[in-house]
Number of protein chains: 2
Amino acid sequence: MADIHTLTRRLQRPADSKIILCVSDGLGGLPLEPGGRTELETARTPNLDALAQRGVTGLSIPVLPGIAPGSGPGHLGLFGYDPLEYEIGRGVLEALGIDFDLGPDDVAIRGNFCTVDDAGRITDRRAGRIASEIGAALCEKLDRIDIPGVEVFVRHVREYRLVIVFRAPGLGGQVDDTDPQRTGVPPLDPKPRDEASRRTAEICRQFIDRAREILKDDAPANLLTLRGIARRPPIPSFEEVYGTRPAAIAVYPMYRGLARLVGMDVLDAGSTLDDQMDCLQRHWADYDFFFVHYKYTDSTGEDGNFDAKVQRIEELDAAIPRMTELKPDVLIVTGDHSTPAKMKSHSGHPVPTLLVSDLCRFDGSASFGESVCRIGELGHFEARFLMLQALAHAGRLEKYGA
Amino acid sequence: MADIHTLTRRLQRPADSKIILCVSDGLGGLPLEPGGRTELETARTPNLDALAQRGVTGLSIPVLPGIAPGSGPGHLGLFGYDPLEYEIGRGVLEALGIDFDLGPDDVAIRGNFCTVDDAGRITDRRAGRIASEIGAALCEKLDRIDIPGVEVFVRHVREYRLVIVFRAPGLGGQVDDTDPQRTGVPPLDPKPRDEASRRTAEICRQFIDRAREILKDDAPANLLTLRGIARRPPIPSFEEVYGTRPAAIAVYPMYRGLARLVGMDVLDAGSTLDDQMDCLQRHWADYDFFFVHYKYTDSTGEDGNFDAKVQRIEELDAAIPRMTELKPDVLIVTGDHSTPAKMKSHSGHPVPTLLVSDLCRFDGSASFGESVCRIGELGHFEARFLMLQALAHAGRLEKYGA
């Protein structure tokens, strides 16, 4: 009974309460100088500060202390799925990132167009970084490949990058990459790592043979390599494990895809934060759990632009009243990981988190920021436990045991 | 080596030190208004405050963040038994609650007298809530049922509620309830869920048949249903895993039962806190671990009576000197869960905890309350680790590894 979901399945309590989980991507940061303020602490955030005063705060550990997660494990953790148990392969994440609707029988693959010489040796692993229009046209040709007993989908991502999906019952996802990671040698053979993946490997071989024929006159993109071959992981649905009707309000495809992976309805969120708030208000009656994703705190952090990240946090703050006016029973603001502008990358620093509900103990948090969160009531907690707190504060969990 | 007890068995160090674990049931609370004080923070507690100043504080997570436990898992956690690993069935808890001395071969069952019509269909699942005298008399009749190869015990709880215990080697505890949870249908058949429980189910059937005969003229209590059929869980004894001689000083049967379940000697505790302190002093030389249970912080919380809970905390505070004058090497004051008067129920909020010993690091705690505990030396910890702290601060654990 160690598994969180064994527990939540059993303790689900029907309720009319509503929960908003607002994920500001890469929210956590670092000061630029010792003793300085982080991006969040620098931003003027009257609305988030008011929430912190009404609620409780803490620091979320996305995976394990110090571990910087990608978007996949970062979000799975927040959704209450142990990111060390549920792994999302690169191919699957890439497919989610172009809004491809992966089914349970799908094996997804990240493809790279490459250049090979007459002897079949790779001379350019990225096919001279061909223009996106060219890549897209080549993908349309490859999408017509027909392999008996398998549905084949080929979708362009950008430039030399593409996604390939094989759909057939029982395909294993344990096949080695064909990209040798260097030039001067031919692509590797797609080797299966288990019995269930023998057929997948064989399908990969047939696909490559057909692609070689189709692309033979398309140099520099006259072949492709396959990477991150992976099956969609079997993930129990959010509704089944928590008993809530969940919806995702996310602008970027990857986050819509991650939400779809756990069975959320993905709503038409538009393209701005205002659009997202319109969407939230429009669908308020239809669901009882809303995942709202805000991307720009991560992208500005990745750019190393401290001031831009501060500004993006202030934009999020300005949208908070549109969430609070709906009177959610539980409102959580957190991030899937930290992306300090100082590091220009995801980091393993714990993530500032606030939770507001009428059942909060309060903890004297005067504002929302890393320093305040460090001594908050939520403590330093693993992200995968946040859903338990959300459900508990929404009156959606029965007592455990008598 | 993830199991705590594998570790404590190996690291046990004999010592003369004495530990008091004082559990104030449902101790944690909530302020009634944002920014207000909890019950514990409102109470005048000079003795507990003095302990906090001499010791360290922290917040205990009974099971997992947000999870509100019942008394069973709440106490198992404090005793160092993972409450997600050791589950106590409803029947077992009910038997413990009437001070029934369950043996290792016992299957315990919660029974409800019910009314059935001539066709055998239930018309009242609680037999018109018969008076306790009537229920008691019927239980005496049923207690005489004789089933070959099994000892049968029938004990009255109150009104229409009773406990049935079957004692025989090898009986499984996986049998479905016979209560259909609605009227207009007959009781369900006691179906076994595993091979080991086939015989238990057969015994249940024989018992019901005999009971039907015995009760046939006792309408409205002319039959009974069986619920929470459960075997006493196999729990290693406190003495074996920790190397201490433990005693329980509890007034209420359920807590005496829980203590007995982990192998504590259950002492004659009288009925008041003063009686309990007399008992503690009388037996001080006989044991080296004392579990003292104080019920009224929970019951006043369940009643939603903030002021009464405050008063009960002050009563506990007044008893503290009788514990400290014994000069225990370690004195812990905590709760098995929170029971905020505001919620009138157990909750998943972490529980204020203090530990005093000569080996404390001190943490500047000025008083005993949730806000102070939030930043204390013990941190936010899972309750099942508290026994490690108790043993460590009592000099009862060897170093782990060289």
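Which residue in S12(B) does Val56(B) stand opposite? Select both strands to find out: Val56(B) faces Leu355(B) in S12(B). You are looking at a predicted model, in which local features need pLDDT of at least 70, side-chain atom pairs count only at pLDDT 80 or more, and totals for chains, interfaces and linings use all residues. Residues are numbered from 1 along each chain as its sequence is written, while chains are lettered from A and ligands numbered from 1 in the order in which they are written.

**The sheet.** Stay with strand S2 (residues 56-61) and strand S12 (residues 351-357) of chain B, which pair in the antiparallel sense over five bridges. (Strands pair if DSSP finds at least two bridges between them; helices, H or I of at least four residues, and strands, E of at least two, are DSSP runs numbered from the N terminus.) Now widen your selection to the open, mixed sheet of eight strands, in the order S9-S8-S10-S1-S11-S12-S2-S13 (chain B). Its edge strands are S9 (265-266) and S13 (379-382) of chain B, each pairing on one side only.

Next, colour helix H5 (90-97) of chain B and helix H9 (residues 253-261) of chain B. The axes of H5(B) and H9(B) come within 7 Å and cross at roughly 115°. (Axes are lines fitted to C-alpha atoms, for helices over the stretch in contact, with angles from 0 to 180 degrees between N-to-C directions.) Among the residues making the contact are Leu93(B) of H5(B) and Leu258(B) of H9(B); contact means C-beta atoms, placed from the backbone, within 7 Å.

**The partner chain.** Finally, show chain A: 22 of its residues are in contact with 30 residues of chain B.

Key. Two residues are in contact if their C-beta atoms, placed from the backbone, lie within 7 Å.
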